[in-house]
Amino acid sequence: MQYFPLFLDLTGRRVVVAGGGATAAAKLRLVLRTPAEVHVLAAAPCAEIAAWAAEGRLVLHRRSIAAGDARGAALVYAASGEAGEDARAAALARADGALVNVVDDLALSDVLTPAIVDRGPVTVAIGTSGTGPVLARRIKAAMEETLPAGLGALAAAAGAFRAAAEALPQGRARRDLWAEWYDSAGPRALAAGGEAALPAALAGLLARHLGAAPRPGRVDLVGAGPGDPDLLTLRARRLLDAADVVIHDRLVPQPILELARREATLLAVGKEGFGPSVPQAEINRLMVEHARAGAQVVRLKSGDPGIFGRLDEEIAALDAAGVEWAVVPGITAAAAAAAAVGQGLTQRGRNSALRLLTGHDVAGFAEHDWRALARPGEVAAIYMGRRAARFLQGRLIMHGADPETPVAVVENASQPGQRIRAATLAGLPEAAAATEGPAVILYGIVLRRAGAVADAATLPGRAVPAPKAASA
Ligand code: SAH
């Protein structure tokens with residue numbers, strides 16, 4: 001993050017704009033929305049700027065910027081529209097110790113003006129570090145659609161009510177109040193009675209929350225999907241957004257963890273390949289302990305929690321401790337891998353059943369019904385199969401499988417490092433050994449485009465994720 005976003009209070013501060021043409025006027029339209037004391041330095045200001053000066057909205061100096069003009073200024077815009085003059089203004093301003101923005105010149109600027117969605121007092125600032133103004137405007141358009149026009153009124157009423165809301169204990173009790181305010185109670189009150197109805201609605205809401213018993217802790221066992229945040233369910237996103245504690249598998253990648261509430265406690269557990277792991281009993285203990293302390297716990301597991309996720313052991317522990325729980329399904333690695341190779345996991349005339357196998361289990365390499373699997377046309381998705389690949393190959397061929405049976409090894413399915421290796425049963429151990437990240441072996445499945453190596457990052461149709469309506 002080369003550019004650090006923050007919100008600057010311009011009350012009583014000076015903002016200097018060097019320039020008097022259309023470029024300066026455009027910046028001034030924004031700056032004049034703030035309470036700053038605005039000074040414009042322009043030998044020949046345009047009519048619009050002269051009119052603002054006549055209205056007393058800014059102080060106009062009919063000359064170009066000189067040394068000392070920027071002293072003590074919070075911010076200086078070099079906005080003459082002329083590169084040489086802007087560079088001169090920037091140098092003067094910097095010598096005066098001010099932060100400078102040179103319009104349309106990233107290299108000369110200390111600060112960049114974001115694209116802004118204004119729902120006063122709620123302000124959304126969008127920055128692309130100068131790399132994509134068009135992108136910033138597209139995000140802005142998406143945000144404008146998402147943030148209801150009444151949001152400003154709800155936020156203003158909430159701001160005036162903050163002190164009263166301190167009657168509720170800090171933390172989740174207060175968060176619950178505000179979540180209900182922005183999600184349902186506020187919009188309802190606004191629709192029914194307009195802005196005037198908001199203070200009374202807030203007082204009613206607070207009274208109800210003060211009378212309510214504290215919400216007990218609970219655990220949601222949530223599927224995080226194969227790794228691409230776009231493939232999370234809406235419920236998973238919502239729960240991550242509300243969680244006090246997130247206990248996650250190490251396989252869950254950072255972009256998904258970043259969707260958790262910033263104040264949430266993140267605990268990494270589970271295995272990393274064959275590396276060190278947190279024992280299951282310890283994971284169970286952590287879940288129970290946090291839920292008993294009243295926390296909303298998300299137990300975040302890769303893929304679907306019910307597939308090779310030791311789900312039942314965790315549920316049994318929660319039941320034994322009397323902790324409320326629910327399971328939220330996710331997209332399992334096999335589904336993501338099949339999507340990557342462009343094939344169905346079932347196909348009329350080929351296979352009407354699909355096996356999900358694990359390459360190893362508690363006892364080591366896992367035994368399966370090899371004779372059944374070795375028959376032509378069988379399809380299986382094999383999880384945790386890297387080390388077991390040679391063992392699998394040996395067992396299958398021993399039971400009569402054709403060494404030419406197609407296999408596809410899909411590594412990091414749905415993630416930027418996605419790699420697909422097409423092979424046959426004969427070449428499976430080599431194809432599996434070449435993987436580094438988590439990989440699923442699709443046994444009995446041919447790539448739709450033989451030899452195609454798809455890279456998830458270049459897949460078409462990846463849009464900017466739709467922003468969520470503000471709830472805090
Ligand atoms: N519950 C998970 C599976 C957990 S077991 C699910 O439903 O997907 C862990 C194994 O899942 C890994 O060893 C690997 O075989 C597979 N896996 C998980 N994420 C994967 C991914 N993004 N790409 C390929 N395989 C993955």
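The conversation below goes through some features of a predicted model.

Visitor: Which order do the strands of the open sheet of five strands have?

Guide: The order is S3-S2-S1-S4-S5, and the pairing is parallel. At the edges are strand S3 (59-61) and strand S5 (100-102), each of which pairs on one side only. From one strand to the next, the twist averages 15°.

Visitor: What holds paired strands together in general?

Guide: Strands of a sheet pair through backbone hydrogen bonds, in either a parallel or an antiparallel way.

Visitor: How many bridges are there between S1 and S4?

Guide: Strand S1 (residues 14-18) and strand S4 (residues 75-78) are joined in the parallel sense over four bridges. Val 15, for example, has Leu 75 in S4 as its bridge partner.

Visitor: Now to S11. Is that strand mostly covered or mostly uncovered?

Guide: Strand S11 (residues 296-301) is mostly covered, with six of its six residues buried.

Visitor: Which residues are on each side?

Guide: Gln 296, Val 298 and Leu 300 are on one side of S11, while Val 297, Arg 299 and Lys 301 are on the other; both faces are covered and all of these residues are buried. As a general point, side chains in a regular strand alternate between the two faces of the sheet.

Visitor: Which strands are joined to S11 by bridges?

Guide: Strand S8 (residues 218-223) runs parallel to S11 and is joined to S11 by six bridges. Strand S9 (residues 245-249) also runs parallel to S11, with four bridges between them.

Visitor: What is Asp 220 in contact with?

Guide: Leaving aside neighbours within four places in sequence, Asp 220 is in contact with Leu 239, Val 297, Val 298, Arg 299 and Ala 326.

Visitor: Next, helix H11. Which of its residues are buried?

Guide: In helix H11 (residues 311-321), the buried residues include Leu 311, Glu 314, Ile 315, Ala 317 and Leu 318. Seen down the axis of H11, the buried residues fall within an arc of 160°, so they line one face of the helix. On the other side of H11, Asp 312 and Ala 320 are exposed.

Visitor: Why would residues three or four places apart point the same way?

Guide: An α-helix has 3.6 residues a turn, so residues with that spacing point the same way.

Visitor: What covers the buried residues of H11?

Guide: The covering elements include S8, helix H10 (280-292), S11 and strand S12 (324-328). Just after H11, Gly 322 takes a positive phi of about 70°.

Visitor: Where is Phe 308, and what does its ring pair with?

Guide: A search of the whole structure finds three aromatic pairs. In one of them, the rings of Phe 308 and Tyr 383 have their centres 5.0 Å apart and their planes at 65°, so the pair is edge-to-face. Phe 308 lies in the loop between S11 and H11 and Tyr 383 in strand S16 (residues 380-383), so the pair ties together parts that are 75 residues apart in sequence. Phe 308 is partly exposed, with a relative accessible area of 36%, whereas Tyr 383 counts as buried at 9% relative accessibility.

Visitor: Which rings form a cluster?

Guide: Phe 365, Trp 370 and Phe 391 are linked into a cluster by ring pairs.

Visitor: How many residues does the largest nonpolar core have?

Guide: That core has 26 residues, and among those with the most contacts inside it are Ile 126, Leu 177 and Trp 178. Helix H5 (151-165) is one of the elements that give two or more residues to this core, and H5 gives the most, with eight residues.

Visitor: What does Leu 177 touch?

Guide: Setting aside neighbours within four places in sequence, Leu 177 is in contact with Ala 165, Leu 168, Leu 205, Leu 206 and His 209.

Visitor: Last topic: Phe 4. Buried or exposed?

Guide: Phe 4 lies in the segment before S1 and, at 63% relative accessibility, counts as exposed. The C-alpha atoms of Phe 4 and Ser 129 are separated by 9.4 Å, although the two residues are 125 residues apart along the chain.

Methods. Residues are numbered from 1 along each chain as its sequence is written. This is a predicted model: local features need pLDDT of at least 70, side-chain atom pairs count only at pLDDT 80 or more; totals for chains, interfaces and linings use all residues. Side-chain values use heavy atoms; hydrogens and water are left out. Two strands pair if DSSP finds at least two bridges between them. Axes are lines fitted to C-alpha atoms, for helices over the stretch in contact, and angles run from 0 to 180 degrees between N-to-C directions. Buried means under 20% relative accessible area, exposed over 50%, partly exposed in between (1.4 Å probe, protein chains only). The arc is that of the directions from the helix axis to the C-beta atoms. Contact means heavy atoms within 4.5 Å. A nonpolar core is a set of buried Ala, Val, Leu, Ile, Met, Phe, Trp, Tyr and Cys residues joined through side-chain atoms within 4.5 Å. Rings of Phe, Tyr and Trp (its six-membered ring) pair if their centres lie within 6.5 Å; planes under 30 degrees apart count as stacked, over 60 as edge-to-face and the rest as tilted.
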